Amino acid sequence: MILQVLLVSSSRKPEHWIVPGGGVEPEEEPSVTASREVLEEAGVRGKLGRCLGVFENKERKHRTEVFVLAVSDELPEWEDSRTMGKLISYNCSIGRKRKWFTIEEALEQLKQHKPVQLSYLQSMLLTCNNDKVT
């Protein structure tokens with residue numbers, strides 16, 4: 001089995017690749033949030049798997065739960081793929097992009113632009129190695 005990681009372009013810096021995610025709505029379970037956010041930001045649907053872990057930044061009062069998703073559908077167009085010009089700047093004419101990376105490539109992208117998210121992927125690798133998934 002070849003493991004790949006789906007990253008999306010950042011809404012603030014489109015040249016940077018990040019893990020899709022977002023805020024939990026009131027009364028919403030984190031697993032529901034994960035499915036909703038990956039559909040909004042990456043245009044994919046699938047079966048939610050295990051939680052990789054909970055990551056907290058106490059200084060910023062930020063808590064993140066990260067899940068594995070087995071992707072079953074990739075939509076040709078999705079909410080965040082449409083024009084985001086009004087949200088970012090008057091001259092931005094494209095929305096978010098998605099791209100599949102090998103694990104090594106994803107690690108490199110996250111190391112450069114989102115080191116906190118790097119720990120999510122490293123956690124997944126440790127879990128996969130312990131489960132002997134190859």
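**Figure 1. Overview of the predicted chain.** The protein chain holds four helices and five strands. Starting at the N terminus, its elements follow the order β-β-α-β-β-α-β-α-α. Please keep in mind that this is a predicted model. Of the 134 residues in the protein chain, 32% are buried. Among contacts with a separation of 6 or more, 52% are between residues 24 or more positions apart.

Figure 2. The protein chain has a mean pLDDT of 81, with 82% of its residues at 70 or more. Where is confidence highest, and where is it lowest? Strand β5 comes out highest, at 94, while helix α2 (residues 85–88) is lowest, with a mean of 47. Two stretches call for some care. Over residues 85–93, pLDDT stays under 50, and the model has five contacts beyond four places in sequence for them. Residues 130–134 also stay under 50, here with four contacts beyond four places in sequence. Where pLDDT is low, the predicted coordinates should not be read in detail.

**Figure 3. The open sheet of three strands.** In this view the strands are ordered β2-β1-β5, and their pairing is antiparallel. Strands β2 (17–18) and β5 (98–102) are at the edges with a single partner strand each, so one side of each has no neighbour in the sheet. Strands of a sheet pair through backbone hydrogen bonds, either parallel or antiparallel. Strand β1 (residues 4–9) is joined to β2 by two bridges, in the antiparallel sense.

Figure 4. Helix α3 (residues 103–113) lies across β1, β2 and β5. What angle does helix α3 make with β5? The helix runs at about 115 degrees to β5.

Figure 5. Strand β3 (residues 44–57) pairs with β4 in the antiparallel sense, over 11 bridges.

Figure 6. The structure contains one aromatic pair. A pair of aromatic rings is described by the distance of the centres and the angle of the planes. For W17 and F101, the ring centres are 5.6 Å apart and the planes stand at 65 degrees; planes over 60 degrees apart count as edge-to-face, so this pair is edge-to-face. W17 belongs to strand β2 and F101 to strand β5, so the pair links distant parts of the chain, 84 residues apart. Are these two residues buried or exposed? W17 counts as buried because its relative accessibility is 14%, and F101 is buried too, with a relative accessible area of 4%.

Figure 7. Side chains of opposite charge can pair when their charged atoms come close. E25 and R36 meet through their side chains at 3.9 Å, N to O. E25 sits in the loop between β2 and α1 (30–42), and R36 in helix α1, 11 residues apart. With a relative accessibility of 43%, E25 counts as partly exposed. Another salt bridge brings R82 and E77 together at 3.0 Å, N to O. Both partners are partly exposed, R82 at 42% relative accessibility and E77 at 48%.

Figure 8. The closest N and O atoms of D80 and R96 are 3.4 Å apart, forming a salt bridge. D80 is in the loop between β4 (62–74) and α2, and R96 in the loop between α2 and β5, so their pairing ties together parts 16 residues apart in sequence. Buried means under 20% relative accessible area, so D80 at 15% counts as buried, and R96 is buried at 8%. There is also a network to find: E25, E28, R36, E37 and E40 are joined into one by salt bridges that share partners.

Definitions and conventions
Residues numbered from 1 in each chain as written. Predicted model: local features only at pLDDT ≥ 70, side-chain atom pairs only at ≥ 80, totals over all residues. Heavy atoms only, no water. Pairing = 2+ DSSP bridges. Contact = heavy atoms within 4.5 Å. Axes fitted to C-alpha atoms, helices over the stretch in contact; angles between N-to-C directions. pLDDT = per-residue confidence, 0-100. Phe/Tyr/Trp six-rings, centres within 6.5 Å; stacked < 30°, edge-to-face > 60°. Buried < 20%, exposed > 50% of the residue type's maximum accessible area, 1.4 Å probe, protein only. Salt bridge = Lys/Arg side-chain N within 4 Å of Asp/Glu carboxyl O.
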